[in-house]
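Trainee: Before we look at anything in detail, could you take me through the reading of a few features, one after another?

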Amino acid sequence: MDRLSEINRRRTFGIVSHPDAGKTTLTEKLLLFGGAIQIAGAVKSNKIKKHATSDFMEIEKQRGISVATSVMAFEYRDKQINILDTPGHKDFAEDTYRTLTAVDSVIVVIDVAKGVEEQTEKLVSVCRMRKTPIIVFINKLDREGKDAVDLLDEVEEKLGLRVMPLSWPIGMGQLFQGVYNIYDQKLVIFSPHGKQNEEDIIEIADLSDDTLDKKVGKKAADLLREEIEIVTSVYPSFDRSAYLNGDLSPVFFGSAVNNFGVKELLDCFVDIAPPPRDRETEERIVEPEEEKFSGFVFKIHANMDPKHRDRIAFLRICSGTFQRNTNYLHVRQARQMKFSNPTAFMAAKKEVIDEAFPGDIVGLYDSGNFKIGDALTEGEVLHFKGIPSFSPEQFRYVNNTDPMKTKQLNKGLDQLMDEGVAQMFTKIDNNRKIVGTVGALQFDVIQYRLQNEYGASCDYEPVNLHKACWVHCKDEKKLNEFISRRRRDLAEDTDGKLVYLAESAWALKTVQDNHPDVEFKFTSEV
Ligand code: G4P
């Protein structure tokens, strides 16, 4: 197959949801359809959250599993589908944001009873910023939940998405009978536990057809007719280009655990989801069809075995063809590197590959050369955009508790920060190090990993901080004035960028008022 056909048949996406909405179950059912796994229960990656309000050891155990399930690739209807796993636990939200930079589209799973939840709102807002096309899957229709119309209103309101239902539920909970698939005009009758037969899928182009009454009863049939009439008049008709621009989100209803509505979702996804999309760099737009290879690292995963301190860097291919044992430019380090064992991830299997195409994710063994956001190219200097760091929510001073191991501590901290476990700020007045995280769990993870992987030990000291803001100012004189006046609140991040550490929202506002020419940003593009 030629290179352009290879690119065009790739569909790289992520599934996002609030924990427990059914992301893992849906992933698993998709993999079953693709023949990538044979048995249910094989995907366990984000079960972490089940135990993990404070149990970080569980996270350590899961880390090994989640390497294998970081990317799950399978073939379906001649398409190569790459699903990128996103952690469910909210303390790892930043990992999820970064993974979303490597996808071309997203499926959002919503629990019919719970509606739109907090985590989903945050994740969708990140997708909307990048205009990532989104399909919504409303799950657990076998349970009592919210009314479908109310739920769509909630999705539009809370997620800021314009929706278009492409399937419609017939009843719910005990009375759930199935869905009418508006997209391909088929009635799909529900049977629990995935025991669906061919005859449960009936083509009904015209809803006045009395087959509908025979299949679901007159009352349900009439209600469906009424609802579909409303749906088709209220919601815009499906326009693929609006979906591809991130302006319109198709909605499907189903029950992942019963494997119901999943095939319809997958079939439509394969038809409409985008192939690899362009990527923005500081220098120019990179198109997948370009002949020369380029890609960026969006995730780094440490090896579980402390004897081998190598890591796996996950590279999203953006253009050209990536080839094994070929020299590429590591842009940040300005040097050539080649890779003898690049791996692809076919579901739970890893295998060494000779080449990979745009949309693919390749795992590169790394002994500490990569940082999140790093680019590899055939020689051109490119810096991929859209891989931000967000202001942490929690901060602590790190103290070295074993002065004989200072070197190990510094190395360990540097490497963990490169992996994106947390962010580190070095105060400019006294060189003290402050670690900032999204959730409390990471502090335990850092301490544990420093000890186990680097033989270094640290403890933490509380520091009262509200936010870290990246500081920009075009006027050098005003910037210097700001620096000299606020020196004790300033720090550098690991890239040497200037950061203002605000003690409170009030302190931040005062500083903003006093220095109107200085910009304070809550995110930093790596
Ligand atoms: P997550 O990855 O989004 O966190 O959710 P996950 O798939 O783990 O699903 C959360 C729970 O919801 C699981 O139950 C799962 O079986 C259940 N579930 C998923 N889809 C459906 C559905 O369509 N209908 C119903 N009724 N339940 C569904 P659990 O008891 O927490 O875990 P498990 O022991 O079944 O694995």
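Mentor: Let us begin with burial, where buried means under 20% relative accessible area, exposed over 50% and partly exposed in between, with a 1.4 Å probe and protein chains only. Phe176 is buried, and Phe260 is buried as well. This is a predicted model, in which local features need pLDDT of at least 70 and side-chain atom pairs count only at pLDDT 80 or more, whereas totals for chains, interfaces and linings use all residues. Residues are numbered from 1 along each chain as its sequence is written, and side-chain values use heavy atoms, with hydrogens and water left out.

Trainee: How many aromatic pairs does the structure hold, and what is the geometry of the pair formed by Phe176 and Phe260?

Mentor: Rings of Phe, Tyr and Trp (its six-membered ring) pair if their centres lie within 6.5 Å, and planes under 30 degrees apart count as stacked, over 60 as edge-to-face and the rest as tilted. The structure holds 19 aromatic pairs. Phe176 and Phe260 form one that is edge-to-face, at 5.5 Å centre to centre with 90 degrees between the planes. This pair links distant parts of the chain, 84 residues apart, with Phe176 in the loop between β7 (167-170) and β8 (178-181) and Phe260 in the loop between β11 (249-253) and α11; helices (H or I, at least four residues) and strands (E, at least two) are DSSP runs, numbered from the N terminus.

Trainee: Why is the pair of Phe238 and Tyr243 tilted?

Mentor: The ring centres of Phe238 and Tyr243 are 6.4 Å apart and their planes stand at 45 degrees, so the pair is tilted. Phe238 counts as partly exposed, at 25% relative accessibility, whereas Tyr243 is buried, with a relative accessible area of 0%.

Trainee: And where does Asp360 lie, and is Asp360 buried or exposed?

Mentor: Asp360 lies in the loop between β21 (355-356) and β22 (361-366), and Asp360 is buried, with a relative accessible area of 8%. Contact means heavy atoms within 4.5 Å; leaving aside neighbours within four places in sequence, Asp360 is in contact with residues including Arg10, Gln80 and Arg316.

Trainee: How are two packed helices described?

Mentor: They are described by the angle between their axes and the distance between the axes. Here the axes of α2 (residues 23-33) and α11 (residues 262-272) come within 10 Å and cross at roughly 70 degrees, axes being lines fitted to C-alpha atoms, for helices over the stretch in contact, with angles from 0 to 180 degrees between N-to-C directions.
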